[in-house]
Amino acid sequence: MSIEGLLSGYRRFRRTRFLAAHKLFRDLEARGQSPQIMFIACCDSRVDPATIFDTSPGEVFVLRNVANLVPPNSPIARHQATGAALEFAVLHLNVSHIVVMGHAHCGGAAALLEGYHNQIPNAEFIGTWMNIAMTARDRMMRLPLPPQERLLHMEYQIVRLSLENLLTYPWIGERVEDGRIALHGMHFGIADGHLSMFDPVTGQFQTVLTDGTAVDV
Ligand SMILES: [Zn+2]
């Protein structure tokens, strides 16, 4: 897509969706936002939560980073975008849910799996960032999996690790403990459109059933 394509998309949006929802946008500006759900998703251009979950403006507070990673709480971390977004969502917006969503064919997960996340020429940041998920890789490698299933399970393990790391922030941990916040893990299949959800009881991801009218692909 070119910048011209982007701007014609903007004009189309102004003519259609913005026009249809202009009262909503006006109210959102006047009242401010009060989303109940925070999403942590991958930067990947194929997995926009607002598209997948068909949400309206103001409904989801979305943080996207490489491989939907939550770094563990650390007093030495500076300029921490993920921590800042979490603080704002939890301490200011008082969200009730935090969803970590992984996805199929995640480039970050694949790089970590193959070990080339530290070898991208001239890259200064991505290796250190993906090293956050080394524990997830170690856990996946201990599973008796055929090679073709490793990437999917790497993606699952990253979601599990991010959910664990959320609890290292004390103001999240205490809200999970007393029920003010619920944590959720998800995984989106891209090509087949399948969504699966982490079940904390079984520790596995379960397919979210559609209403039966969905096209099976
Ligand atoms: Zn990704």
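**Stop 1: helices H5 and H10**

Select Leu86, Val90 and Leu91 in H5, which meet Trp171, Ile172 and Arg175 in H10. The model is a predicted one. Now show both helices whole: H5 and H10 (residues 170-177) pack with their axes 10 Å apart, at an angle of about 40°. The two helices are therefore oblique to each other. The crossing in which H5 passes H10 is left-handed.

**Stop 2: the sheet**

Next, colour the strands. Six of them form an open sheet in the order S2-S1-S3-S4-S5-S6, and the pairing is mixed. Which strands stand at the edges? They are S2 (60-65) and S6 (204-207); each has a single partner strand, so one side of each is left without a neighbour in the sheet. From one strand to the next, the twist averages 25°.

Select residues 97-103 and 182-188, which are S3 and S4. This pair runs in the parallel sense and is joined over seven bridges. For a landmark, pick Met101, which stands opposite Met186 in S4.

Move to S5 and S6. These strands run antiparallel, with four bridges between them. One place to look is Met197, whose bridge partner in S6 is Gln206. S5 and S6 form a hairpin with four residues between them, and in the turn Gly203 has a positive phi of about 75°.

**Stop 3: Ile37 in S1**

Go to strand S1 and select Ile37. Is Ile37 buried, exposed or partly exposed? It counts as partly exposed, because it has 19 C-beta neighbours inside 10 Å, and a residue needs 20 or more to be buried. Setting aside neighbours within four places in sequence, Ile37 is in contact with Val60, Val95, His97 and Val99.

**Stop 4**

Select residues 150-166 for helix H9, which lies across S1 (37-42), S3, S4, S5 (195-199) and S6. Against S3, H9 runs at about 155°.

The axes of H6 and H9 come within 9 Å and cross at roughly 110°. H6 and H9 are therefore roughly perpendicular to each other. On the H6 side the contact is made by Ala109, Ala110, Leu112 and Leu113, and on the H9 side by Arg150, Leu151, Met154, Glu155 and Ile158.

**Stop 5: the largest nonpolar core**

Show side chains for Met38, Phe39, Ile40, Ala67, Ala133 and Ile158. Of the 45 residues in the largest nonpolar core, these touch the most other members. Elements that give two or more residues to this core are S1, S2, H5 (81-92), S3, H6 (107-114), H8 (134-141), H9 and S4. Which element gives the most? H9 does, with eight residues.

Centre on Ala133. Leaving out its neighbours within four places in sequence, Ala133 is in contact with Ala67, Leu69, Leu112, Ile158 and Leu161.

Then step across to Ala67, in the loop between S2 and H5. Ala67 is buried, with 29 other C-beta atoms within 10 Å. Its backbone deserves a look as well: Ala67 has a positive phi of about 70° although it is not a glycine.

**Stop 6: another positive phi**

Select Ile190, in the loop between S4 and S5. Phi of Ile190 is near 55°, a positive value in a residue other than glycine. Ile190 is partly exposed, with 14 other C-beta atoms within 10 Å.

**Stop 7: helix H3**

Finish with residues 22-31, helix H3. How many of its 10 residues are buried? The number is zero, so H3 lies largely in the open. Select Glu29, which is in H3. Glu29 counts as exposed, with 10 C-beta neighbours inside 10 Å. Last, select Gly32, which follows H3 and has a positive phi near 85°.

Note on methods. Residues numbered from 1 in each chain as written. Predicted model: local features only at pLDDT ≥ 70, side-chain atom pairs only at ≥ 80, totals over all residues. Pairing = 2+ DSSP bridges. Axes fitted to C-alpha atoms, helices over the stretch in contact; angles between N-to-C directions. Contact = placed C-beta atoms within 7 Å. Buried ≥ 20, exposed ≤ 12 C-beta atoms within 10 Å, placed from the backbone. Core = buried A, V, L, I, M, F, W, Y, C linked by C-beta atoms within 7 Å. Parallel < 35°, antiparallel > 145°, perpendicular 65-115°, else oblique. Left-handed = near helix turned anticlockwise from the far one by under 90°.
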